2 protein chains.
Amino acid sequence: MANKLRVIPLGGLGEIGKNMMVFEYGNDAILVDAGLMFPENDMLGIDHIIPDWRYLTENRNRLKIHALLLTHAHEDHVGAIPYFVRDFSNVPIYGTPLTIGLVQGKLRTSGAKGHPTHVFEAGDILRFGPFVVESFHVTHSIPDCVGFAIDTPVGLVVHSGDYKFDHTPTDGWPTDFARIASYSQRGVLALFADSTNAERPGWTKSESVIDRAFDEVFHSAEGRIIVATFASLISRIQQVANAALYYGRKMAVAGYSMSQNIKIARRLKYLDVPDSLLINIDEIKRYPPEDIVIMATGSQGEPSAVLARLAYGNHRSLELIPGDTIVMSSHPIPGNEETVYRITNKLLQKGAHVIYDPKAEVHVSGHASQEEMKLMINMVRPKFMIPVHGELKHLHAHADIAYALGIPEENIAVVENGTILEFTEDTMTIGERVPGGYVFIDGTGIGDIGPAVLRDREALGRDGFVIITGVMDKKRRKFVAPPQIISRGFVYLANSGALLDSAAELAQQVGESVTNGNLNQQVEGAIAKMLYSETRRRPMVFAQIFEI
Amino acid sequence: MANKLRVIPLGGLGEIGKNMMVFEYGNDAILVDAGLMFPENDMLGIDHIIPDWRYLTENRNRLKIHALLLTHAHEDHVGAIPYFVRDFSNVPIYGTPLTIGLVQGKLRTSGAKGHPTHVFEAGDILRFGPFVVESFHVTHSIPDCVGFAIDTPVGLVVHSGDYKFDHTPTDGWPTDFARIASYSQRGVLALFADSTNAERPGWTKSESVIDRAFDEVFHSAEGRIIVATFASLISRIQQVANAALYYGRKMAVAGYSMSQNIKIARRLKYLDVPDSLLINIDEIKRYPPEDIVIMATGSQGEPSAVLARLAYGNHRSLELIPGDTIVMSSHPIPGNEETVYRITNKLLQKGAHVIYDPKAEVHVSGHASQEEMKLMINMVRPKFMIPVHGELKHLHAHADIAYALGIPEENIAVVENGTILEFTEDTMTIGERVPGGYVFIDGTGIGDIGPAVLRDREALGRDGFVIITGVMDKKRRKFVAPPQIISRGFVYLANSGALLDSAAELAQQVGESVTNGNLNQQVEGAIAKMLYSETRRRPMVFAQIFEI
């Protein structure tokens, strides 16, 4: 292992989200990001998913983990920190001022306020054992993002972070092209670069195109305007504030996470919003509708966030008024389409005007498209290229781009989480695999839910359950308390008395005729068979018959 | 009701799918389409959804239903027929030759072979009581599609069916523009038109652009080619057959529904595929990979269809070979994205090349985009405009288009299923509402599953259940058989012995200390509270304690 750089992706490779990478040389390591991922539609009951960092805990005696370095403060890059700090209370966290500001809020609410954090500015150089880490500013959809150029004993490796090349970002701070280009002069061993939009031709549009769309909305809206977006989309909040100032509307914020983020971003001067513009959400009734704009969370359809509550009419203090204009300032993340469209339809049904992307350009992606990826690769000119951040199809599409730019096929690695990549000064080898899968968070449980429980949940969600209980006289083989049925999720109980009655009768018959073998199992088998033949459904069937 | 035309949408308005409309004058009625809809991700365990035609069954004594007229043979227009014919065994079904051919297959497999069907050709005129129905040919993504111009005592109404204006369709049979335009000369009271793509600017591309993409695929693929698409996409099958002939590959078909459709379409001469081209799926091993193309079902990620089985390696006779080229010749329907992308990733992981839309133009939509919608409206020049086929957001977007073309706002009706529209010679009134919701099909159950069961399924899918049973001596208030716990979907049982043991102990304590009130309820309450405080999860908790 000595003389080799080992890079281990624990998240973000072969999936969207929970980004995390380990850079290891000898017994020294640094980490980049610790994000979470939102469950897919069939991961029933799961709150979210964090990386499986067993490799780190299992090697904690050998490895000195110098730092967790953060590229930016989106959930898919920092959301696992509350769990990470429980396992690694001595690993300091490094990030830019806004990133650390937002992460500190997270640490406070999770009871880890005292965890060591350090702030650096984009362009700063940090030393951790054999690693010299230089950060470089990139544009994305939250301010103060960086990528890292990590100098190691075998060469310089570059990690892009999430990026797009926005020449006119909302904060006026474009990507540090000069610094990125300078790495190629030093010679770059490997580039790890964001693949999210590798299927999209052309360039991703600048955040500034949204200003024009907002201008049109603010110009023509006759009632209140409600802008729904991600709580962390600080630049979008700035854009709305600018439009509100220009058109003389007051701005209120609905949603705890967004309010907190705005507070932090204003304090750190990443948001320029005068006090006079902001009003409390409870004050909006004092103003005519045409003087109000509300920033709200829930643009991904999250059922407990503001937008869903408005659509379904169950928000504590806010109610939709016909004539409201709702701006959906985000794109649905794959898997959320159905929920987002359903909310859109519900809002329309309640008489709101709803503005969303194909109707007006009220959102643009925060990730590089194909032409930007080409520019990144050609600026960095790496020997080896490893597409990161994306499902396998995105990684492959990014690899195709690298190949088209002249990087030899054998110098491009498309790998999934947990695959160790080993680098010497002139080689890259795909090594063994370590755990890199999902750790499910459900309530207070971390990783206790696995595929077996999810399979049960799926079966229960599909066809419900039927349970037969009763008490039988062991000697006489007669029920003293006849079989009772408990069932949910299988049939509509009010209409299915006859079916369940005949199940109870069958249970009694079978139960009293069993002479050897497992009584419960035989009852279960008979009932399951009967129910399937009657309904073509397969509920989970259990029997618990007491023999006394 | 006399002197008025009543139009009642029972499906397709405010949703995608299960299209169905009633046209009624006095006591005469005709129906257009009877489709099904696929369940959304949170409709757990539901197989599919059919229209709620209670209005028709409740009025069956009053109404003479002359005919069910079909626009085309896609599932969302004909899929409810097997259920429809059970309730309306005397209502004859009318369609074009291919449509009736495909529907007859459906009737046979559902045991209604003898149901009366009638074939008409596009352009034919049919009379049903006060209605004179003229069909007109439109292009879509299955051959032999029509719309209807229905002459009624109050005026002419036009129903577009699903359409796009494809000037170079695969079968060389473009939309009958002349006939559509002729209606405006007769004066059109109302237009009911497809809104599916009302958010898409421009024109939908012709099916023929796919030929170029296929040519590129067939030209460069070195192994087998597997094209996955809808079983009913007859024109796509023709395109693949053409490419196979040109490039000297044999074509095999995997998937029962597609094989059946091909058989019917060939017999009726809607598919021009020579015998010499086709081989049986079991014969493919006799040919080198580069001589084979396979047509397969499952492009929407359906778990039991061919593509998913290839991805997960559980197909009966077919196995993926590294070097296979998979063409995903369809777009994921909203809600299916996650599953489709997961299969794409799985196929890539197994070493296949996967071609899908943004990478190559291997699919185009079958529905009109905005410019086509404008052309339809301007050709027909209706007095009243009713957007149909789409979620509320699509209907609104289509209404915006109609308004932009000069149709007054009050002459455009955006309504949802079950809303009665009443027409006289010069008025349109939005009337009362009749049932227009979902009828869920689950196993053999039609409509027995409603919101209550779905809510239970959701709760079970999220957190599972816990059931406590036991036997207590009624007099002594002591358990003679101590509490037993059955649980699934809540915690991983192998690791949760202690938690469930303490639940059983608590149940015993509480049970034995209950002196009055409902024993089971009190145990349930105590256990639910304890489990929530330990896990922050809320399983369904039931107690069934026998007192003997």
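**Chain A, chain B and the axis relating them**

User: In this predicted model, is A:Ala221 buried or exposed?
Analyst: Count the other C-beta atoms within 10 Å of A:Ala221 and you get 21. The cut-off for that class is 20 or more, so A:Ala221 comes out as buried.

User: What separation do the C-alpha atoms of A:Ala221 and A:Ile100 have?
Analyst: Along the chain, A:Ala221 and A:Ile100 are 121 residues apart.

User: Switching to the interface, which element gives the largest share of the side of chain B that touches chain A?
Analyst: On chain B, 61 residues are in contact with 61 residues of chain A. Elements that each supply at least two residues of that side include α10 (337-349), α13 (451-463) and β24 (478-488) of chain B. The largest share is 9 residues, and it comes from α13(B).

User: What kind of axis relates the two chains?
Analyst: Chain B can be laid on chain A with an RMSD of 0.1 Å. That takes a turn of 180° and a shift of 0.1 Å along the axis. So the relation is that of a two-fold axis.

User: Which residue of chain B has the C-alpha nearest the axis?
Analyst: The distance from the axis to that C-alpha is 2.2 Å. The residue is B:Gly461.

User: What percentage of the contact residues of chain B recur in chain A?
Analyst: The same surface serves both copies. The share of chain B's contact residues that recur in chain A is 100%.

Definitions and conventions:
Residues numbered from 1 in each chain as written. Chains lettered and ligands numbered in written order. Predicted model: local features only at pLDDT ≥ 70, side-chain atom pairs only at ≥ 80, totals over all residues. Buried ≥ 20, exposed ≤ 12 C-beta atoms within 10 Å, placed from the backbone. Contact = placed C-beta atoms within 7 Å. Helix = DSSP H or I, 4+ residues; strand = E, 2+ residues; numbered from the N terminus. Least-squares fit on C-alpha atoms with pLDDT ≥ 70 in both.
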